[in-house]
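Hi,

Here is the structure I promised to pass on.

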Amino acid sequence: MTTTLILVCLTAFVTALLTFFSGFGLGTLLAPVLMLFFPVDEAIAMTGIVHFFNNLFKLFLVGKHVDKHVLLRFGIPAMIAAFIGAQLLLQLNELSPLFTYTMNGAEFSVNPLKFIIALVLLFFAAMELIPSLQRLQFGKEHLVAGGLLSGFFGGLSGNQGALRSAFLIKAGLTKEAFLGTAVVVSCVVDLTRLSVYAERFSEAQLSSHSTLLIAATLSAFTGAFLGSRLFKKVTIQFVQYFVAIMLVLLATALGMGLL
């Protein structure tokens, strides 16, 4: 438990700090790390809790810069789609395994949820690794579609930062307004998906992990606070590649039923 606590808290701290500079968000890295120790649906729910409280803290830091017009056009569709994505997550977790196979005398099974999450992780890894996808941007006319896409993936897997950035970056926002609007949208998506996940919280016994969740949230707060102070001084690119490679490895393990 000590190793898990240290690794999760370190991940929460570093990723919350880096989310101010990079395209990915806290959930992009924290969820995969939690998947190493907990079932996929439980890891996504736990990530959602830390992500939501961290976003509330970031809202206090940068929320005053929100662009209300962009928020309405992007945030409302994101909220609706997040509800659908979260409902799909719960439904997929109830399905029987897609297939089973034997490797080195051990039997592995791949269930639909893990397989789909693996595909989602590969997609977001590609957005970090492939230059043409890194430069992917959309105009203001695509804000509604962007809200639907990022909200859906946020509800399904907790990954929404890269898509949200791709659609908001060309919305004519200042750097501060971009960050403030993104934080508010993320809070809306988190609140929506957590309301759906809540029916499973008692089943997943998340209360038994309260120490881990509190420690991870406080670590994320610290990272976010430090990130807000360094925001105007630092740009980070190599970390995106590192995270993308980790996502590919995790997606492969999930898709093969190794995790």
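Below is what turned up when I went through it.

First, a word of caution: this is a predicted model.

Let's start on the surface. Leu 72, Ile 76, Met 79, Ile 80, Phe 83 and Ile 84 make up a nonpolar patch there. Taken together, these residues have about 560 Å² of accessible area. One of them, Phe 83, sits in helix H4, which covers residues 68–92. Phe 83 counts as partly exposed, since its relative accessible area is 42%, and the range for that label runs between 20% and 50%.

Next, the aromatic rings. Searching the whole structure gives three aromatic pairs. One of these is Phe 57 with Phe 221, a stacked pair with 4.8 Å from centre to centre and 25 degrees between the planes. Phe 57 belongs to helix H3 (residues 40–62) and Phe 221 to helix H10 (residues 210–230), so this pair ties together parts that lie 164 residues apart in sequence.

Last, the charged side chains. You'll find both residues in helix H9 (residues 175–204), where Arg 193 and Asp 190 are three residues apart, or about one turn of the helix. Are these two buried or exposed? Arg 193 and Asp 190 are both buried.

Cheers

Methods
Residues are numbered from 1 along each chain as its sequence is written. This is a predicted model: local features need pLDDT of at least 70, side-chain atom pairs count only at pLDDT 80 or more; totals for chains, interfaces and linings use all residues. Side-chain values use heavy atoms; hydrogens and water are left out. Patches are made of residues with over 30% relative accessible area and no salt bridge: like charges are joined within 9 Å, nonpolar side chains (Val, Leu, Ile, Met, Phe, Trp, Tyr) within 5 Å. Accessible areas come from the Shrake-Rupley method with a 1.4 Å probe; for residues, only the protein chains shown count as cover. A salt bridge is a side-chain nitrogen of Lys or Arg within 4 Å of a carboxyl oxygen of Asp or Glu. Helices (H or I, at least four residues) and strands (E, at least two) are DSSP runs, numbered from the N terminus. Buried means under 20% relative accessible area, exposed over 50%, partly exposed in between (1.4 Å probe, protein chains only). Rings of Phe, Tyr and Trp (its six-membered ring) pair if their centres lie within 6.5 Å; planes under 30 degrees apart count as stacked, over 60 as edge-to-face and the rest as tilted.
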